[in-house]
Every structure is written in structure tokens, then in C-alpha cells.
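Thanks for making time this morning. Please have a look at the model on the screen before I go through a few of its details.

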Amino acid sequence: MKNLTNHFFKRWTERIVGITTEREKTDYINKNREQIIDHANKTFEHANFIWSGQIGDNTTKNFYIEDDIIFVTNTTNDALITVYKVDLGFTPELNVTVRKGLVDEIQKLTKEKEAIEYQIIEEVENKKHKSEQLADDIKIVEQQLVNLKTQKKFVDEEIKNIGSKSLNTGLELKRFTMMLVNSKEYKEDLRSS
């Protein structure tokens with residue numbers, strides 16, 4: 001059962017019951033409060049949701065329709081704020097036709113929007129999953145890059161070691177050669193020339 005605001009009681013009495021003078025409205029509400037609550041709630045049970053949004057102020061409200069009656073509730077749907085009848089400015093018969101056409105179009109577009117939003121959610125989830133996979137791939141490639149850089153350092157060290165083998169062999173060659181050719185007599189020859 002929905003709570004009814006004082007404003008709702010006044011608008012129900014004025015717009016649905018048809019009592020317009022302030023004194024008669026107040027008397028009717030005081031005498032028929034429970035009946036208004038019961039009738040408004042029973043009528044609202046059959047109402048269809050139309051839209052949630054802001055009209056005329058910065059407060060979001062929910063809008064429902066039952067036949068030619070619009071119910072306005074708070075966003076939690078626990079209070080009926082106001083009520084009014086749909087009047088599109090046409091003859092009663094044309095009002096009914098246009099109202100039904102508008103409600104049908106709203107319901108069709110609502111279903112379309114829900115389907116699109118479902119597709120969007122599904123597409124976003126797929127993209128998030130793909131993004132996570134790519135992030136995992138990036139981590140793997142980054143680790144592979146670290147490993148390749150380490151391997152390159154090892155290869156560069158091996159190149160140095162290979163080069164030092166030749167250098168060491170050359171130094172060993174020089175040592176033996178010096179022992180052989182580096183005599184005391186040769187040094188004297190160099191000094192005397």
C-alpha cells in the first residue's frame with residue numbers, strides 16, 4: 001500500500017472525484033480519507049510504468065498510467081505524490097485514441113531501449129574481457145622482453161669471453177715469443193744502434 005501525500009489527496013478529490021472548491025475538497029477528504037486511500041491504491045495496482053525523470057524541477061519522479069489517469073510517485077514508489085488526467089486537447093474519443101497510441105509507442109520504445117541496453121551491456125562485457133586478455137598478454141610479453149634482455153646480456157658476455165679467449169691466447173703467445181726472442185743481446189743491439 002502506497003502512502004498518499006496531502007497534495008495527492010487534494011488532487012485526487014479535485015481531478016478524479018471532481019470537487020473543486022477548497023471547503024468541499026477539505027470536507028470530502030476528511031470524511032472519505034480511507035476510501036480515497038483504498039481507491040487510489042487499487043487503481044494504482046493496475047497502472048503501467050511510463051517513465052522516470054524530472055519535469056519542472058530537479059527531483060526525479062516515476063510516472064505511471066492507468067486508463068486516462070497519470071500517477072506520479074517518488075523514486076522508491078512508496079508514496080503517491082500527485083495525480084491528473086490525460087487531456088491532449090482533442091475530443092474525448094480522439095484523446096483515447098491518441099493516448100493509447102502514445103502508450104503503445106512508449107512501451108514499444110521502452111522494450112527497444114531495454115534490448116539496446118542489454119546489447120550494450122553484453123558488448124561492454126565482451127570488450128572488458130578482451131581488454132583483460134590483452135592486459136594478460138602484455139604482462140607475458142613484458143616478461144618475455146625481460147627474459148630476452150637477460151639472454152642478450154648473457155650472449156654479450158659470451159662474446160666478450162670468446163674475445164678474451166683470443167686475447168688470452170695472444171697474450172700467452174706474446175709471453176712465449178718474448179721468452180724466445182727477448183734476449184739480453186738483442187736489447188744491447190737496440191741500445192747501440
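What we have is a predicted model, in which local features need pLDDT of at least 70 and side-chain atom pairs count only at pLDDT 80 or more, while totals for chains, interfaces and linings use all residues. Residues are numbered from 1 along each chain as its sequence is written, and side-chain values use heavy atoms, with hydrogens and water left out.

Let me start with T13, which is found in helix 1, residues 6–17, where helices are DSSP runs of H or I with at least four residues, numbered from the N terminus. T13 counts as buried because its relative accessibility is 0%, buried meaning under 20% relative accessible area with a 1.4 Å probe and protein chains only. A polar atom of the T13 side chain lies 2.8 Å from the backbone oxygen of F9.

Now to the pockets, a pocket being an open set of points on a 1 Å grid over the protein atoms alone, where a 1.4 Å probe fits, with protein on both sides within 12 Å along at least five of seven lines; lining residues have an atom within 4 Å of a point. The largest pocket is lined by 15 residues, and I50, I70, Y84, V86 and I106 lie nearest its centre. Helix 3 gives the most to this lining of the largest pocket, with four residues. In the second largest pocket, the lining includes F49, W51 and K113, and helix 3 again gives the most, with five residues.

Note on methods:
Helix = DSSP H or I, 4+ residues; strand = E, 2+ residues; numbered from the N terminus. Buried < 20%, exposed > 50% of the residue type's maximum accessible area, 1.4 Å probe, protein only. Polar contact = N/O pair within 3.5 Å; in protein donor to acceptor, adjacent residues only side chain to side chain.
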